[in-house]
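Please look through the sequence and the structure below before reading on, and keep both at hand.

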Amino acid sequence: MIRRLRLGGKIMNTVSLLKHWEWEFLLNLIYRLNSLDEIKQFQRVCLEQLRVIIPYTKSLFLLDDRVDDRIAPHTPELLSTDNSIFDETTFNELMSSRTCQEYYFSHWSQIFRRSDVSSSGEWEKSPIYQKIYAPQNVYYALKAILIYDDHLLGDISLYRPKDDGDFSIRDMQIVSLLKEHLALRLYQLRQRAAAHNAPARAS
């Protein structure tokens, strides 16, 4: 099966690397996520289930709003599988200096690896790596920016330490297959929350 995958802003054809059980897992995951009615539960289940099929040590699911020309993240859901503390407060302080802002102002959902947008030398010298990633023993990141109907909704970040190696094309394919389903359901949940005057409003 041939899939078209957006990799670092480029479109490439890749032969599916997924096994039969992985396809079944993804279909069941999509069904399960569509059955959830609470945003926080949706965030938590998404991170927990992604861990089953994509190994990582830390993950972060943020809701995002576009405010003028900047991104305002909020409502973090965190998962650390190595029993270490994930300092989301410090992490969010550097969100305004994100080096991949163009992904957040796209008209459709995006996925990318940190290694696709900066060289290892540039990355290791950056403030976000030195102040946030390194102290928490994470080096690689796989990110999904969830956008539906031109509404920025949120972003998912999966993290690994350097010794575990970068996220693979297979990992990116999995997130690419899920991203539009996640964006649609998150849009629906945020619209419902906004209708009930909840703070989790779509931008």
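This is a predicted model: local features need pLDDT of at least 70, side-chain atom pairs count only at pLDDT 80 or more; totals for chains, interfaces and linings use all residues.

Residues are numbered from 1 along each chain as its sequence is written, and side-chain values use heavy atoms, with hydrogens and water left out.

Five strands form an open, antiparallel sheet in the order β4-β3-β7-β6-β5. Helices (H or I, at least four residues) and strands (E, at least two) are DSSP runs numbered from the N terminus, and two strands pair if DSSP finds at least two bridges between them. Because β4 (70-80) and β5 (110-113) each have a single partner strand, they stand at the edges, and one side of each is left without a neighbour in the sheet. Within the sheet, β3 (residues 58-67) and β7 (residues 151-160) pair in the antiparallel sense over six bridges, and Leu60 stands opposite Ser157 in β7.

Helix α2 (residues 39-53) lies across β3, β4 and β7, at about 60° to β4, while helix α7 (residues 169-195) lies across β3, β4, β5, β6 (140-148) and β7, at about 35° to β6. Axes are lines fitted to C-alpha atoms, for helices over the stretch in contact (heavy atoms within 4.5 Å), and angles run from 0 to 180 degrees between N-to-C directions. The axes of α2 and α7 come within 11 Å and cross at roughly 170°, which makes α2 roughly antiparallel to α7 (angles under 35 degrees count as roughly parallel, over 145 as roughly antiparallel, 65 to 115 as roughly perpendicular and the rest as oblique). Residues in this contact include Phe42 and Leu50 of α2 and Leu178 and Arg185 of α7.
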